[in-house]
Amino acid sequence: MSNLPPGMAEVPEEVKSNVILSTVDFVYNLARSYSLWPMTFGLACCAIEFIVTGTARYDMSRFGMEVARPSPRQADLMIVSGTVTKKMVVPIVRLYNQMAEPRYVISMGACATGGGPFKEGYNVVSGIDKFIPVDVYVPGCPPTPEALIHGFITLHNKIKKQSVRTVPWYRKDYVGQIPIPVLGPDIFSTDPAKMRQIRDINMQRLMASRAAGKVSIAELRHAGDDEVVVIRNTGLAQDMTGWQLHSGQGERRFHFPAGFVLMPDAEVRIHSGPEAEAATPNDLVWTTQRIWRHEGDTATLIDAGGAVVSTFSYGGN
Ligand code: SF4
């Protein structure tokens, strides 16, 4: 008799070596992240570094990205490389709207991200993210090809955290078309409904990543008389004001300090015990008393609303 949960089935012995069990998300994300086609598109000096990234020395075709497309309809990655003038932002948004969903944007260099050396200039916008959603920012003036490649890898990692269940572009109510800015004395549209639409699209895309990743207790270990609970964030930045860590024994509680933010892919370590020590800003000391002593002691992470986010059982060292 099988002990498998309802809905699961045994894989027959004779086919076990030919079967890989995985998730739809894994296959879908693997295919998407390694077949990004960038648009052939550059604005200023940063574009030269983008061009170099395609040459033999850096060879971006290693990532399945060699097909830089002249048509936005065949591209799903826009690399905004260079100074964005008020005149140019209009065709940039138009090109973005013509790209295929799911589409991604890398803001390459100081100019595209915030205006760079031309910030406050009469003809330059201070950040392309005021007009289209940006997934990855690559700093520098100009960023090197290595920095752009790091941006590609960061984008791949972001895509791998998404889930077909939460990404907005398959929802019936999703409208990804960005309002085209009107070129005039001031580039910003004065229509509040259009400004709200840009904000909503940005928020939907941000929430897609947040829903797939989360904050959880990753480890509970002893280092001598220092007991360490490791909490890791695989989602977007999380403000942990009001969050608590509960011990299963005696219901003791650690309150996270107000304003403590756990950044993406970062971890915070909560120390207890006589040798509890905070070596970095991401180490917090709870108490010099022992909390996690016995195998089976549990740690529970509670968010500001009182919901249980993660539980962990100490397995003994
Ligand atoms: S960030 Fe620097 S290198 Fe890039 S477009 Fe602006 S001025 Fe040129």
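This report describes the predicted model of one protein chain, from its overall layout to single residues.

Residues are numbered from 1 along each chain as its sequence is written. The model is predicted, and for that reason local features need pLDDT of at least 70 and side-chain atom pairs count only at pLDDT 80 or more, while totals for chains, interfaces and linings use all residues.

## Overall layout

The protein chain holds 6 helices and 13 strands. Helices (H or I, at least four residues) and strands (E, at least two) are DSSP runs, numbered from the N terminus. The C-alpha trace of the protein chain spans about 65 × 55 × 45 Å along its principal axes.

Two domains divide the protein chain: domain 1 covers 24-211 and domain 2 covers 215-313. These bounds come from an automatic or database domain assignment. Between the C-alpha centres of domain 1 and domain 2 there are 36 Å.

Of the 317 residues in the protein chain, 29% count as buried. A residue is buried if 20 or more other C-beta atoms lie within 10 Å of its own, exposed if 12 or fewer, and partly exposed in between, with C-beta atoms placed from the backbone. Two residues are in contact if their C-beta atoms, placed from the backbone, lie within 7 Å. Among contacts in the protein chain between residues at least 6 apart in sequence, 66% join residues at least 24 apart.

A residue is near a molecule or strand if its C-beta atom, placed from the backbone, lies within 6 Å of it. The residues that surround the ligand are Ala44, Cys45, Cys46, Gly82, Thr83, Gly109, Ala110, Cys111, Gly116, Pro117, Cys141 and Pro142. Helix 2 (45-53) and helix 4 (109-114) are the elements that give two or more residues to this shell. Helix 4 supplies the largest share, 3 residues.

By type, the shell around the ligand has 8 nonpolar residues, 4 polar and no charged. Here Ala, Val, Leu, Ile, Met, Phe, Trp, Tyr, Cys and Pro count as nonpolar, Asp, Glu, Lys and Arg as charged, and the others, Gly among them, as polar.

Two members of the shell, Cys141 and Pro142, are joined by a cis peptide bond with omega near -10°. Pro142 is in the loop between strand 3 and helix 5.

## Nonpolar cores

A nonpolar core is a set of buried Ala, Val, Leu, Ile, Met, Phe, Trp, Tyr and Cys residues joined through C-beta atoms within 7 Å. In the largest one, of 36 residues, those that touch the most other members are Leu77, Met78, Val80, Val84, Ile106, Met108 and Ile128. Two or more residues of this core come from each of helix 2, strand 1 (77-81), helix 3 (86-98), strand 2 (104-108), helix 4, strand 3 (136-138) and helix 5 (145-160). Apart from this core lies another, of 18 residues, including Val215, Met240, Val268 and Tyr314.

Leaving out residues up to four places away in sequence, Val84 touches Leu43, Val89, Ile92, Cys111, Ala112, Val124, Val125 and Ile128. One of these, Cys111, also belongs to the shell around the ligand.

Strand 12 (residues 298-302) and strand 13 (residues 308-313) run antiparallel and are joined by 5 bridges. Strands pair if DSSP finds at least two bridges between them. Ile302 stands opposite Val308 in strand 13. The two strands form a hairpin with 5 residues between them, and Gly306 in the turn has a positive phi of about 90°.

## Single residues

Most residues other than glycine have a negative phi, and most peptide bonds are trans. Asp59 and Glu120, listed below, have a positive phi although neither is a glycine.

| Residue | Phi | Place |

Asp59 is partly exposed because 14 other C-beta atoms lie within 10 Å. Glu120 counts as exposed because it has 7 C-beta neighbours inside 10 Å.

Another cis peptide bond joins Glu101 and Pro102, with omega about -5°. Pro102 lies in the loop between helix 3 and strand 2.

Arg62 is in the loop between helix 2 and strand 1. With 11 C-beta neighbours inside 10 Å, Arg62 counts as exposed.

Asp226 is in strand 5 (residues 226-233). Asp226 is partly exposed, since 17 other C-beta atoms lie within 10 Å. Not counting residues up to four places away in sequence, Asp226 touches His271, Gly273, Glu275, Ala276 and Glu277.
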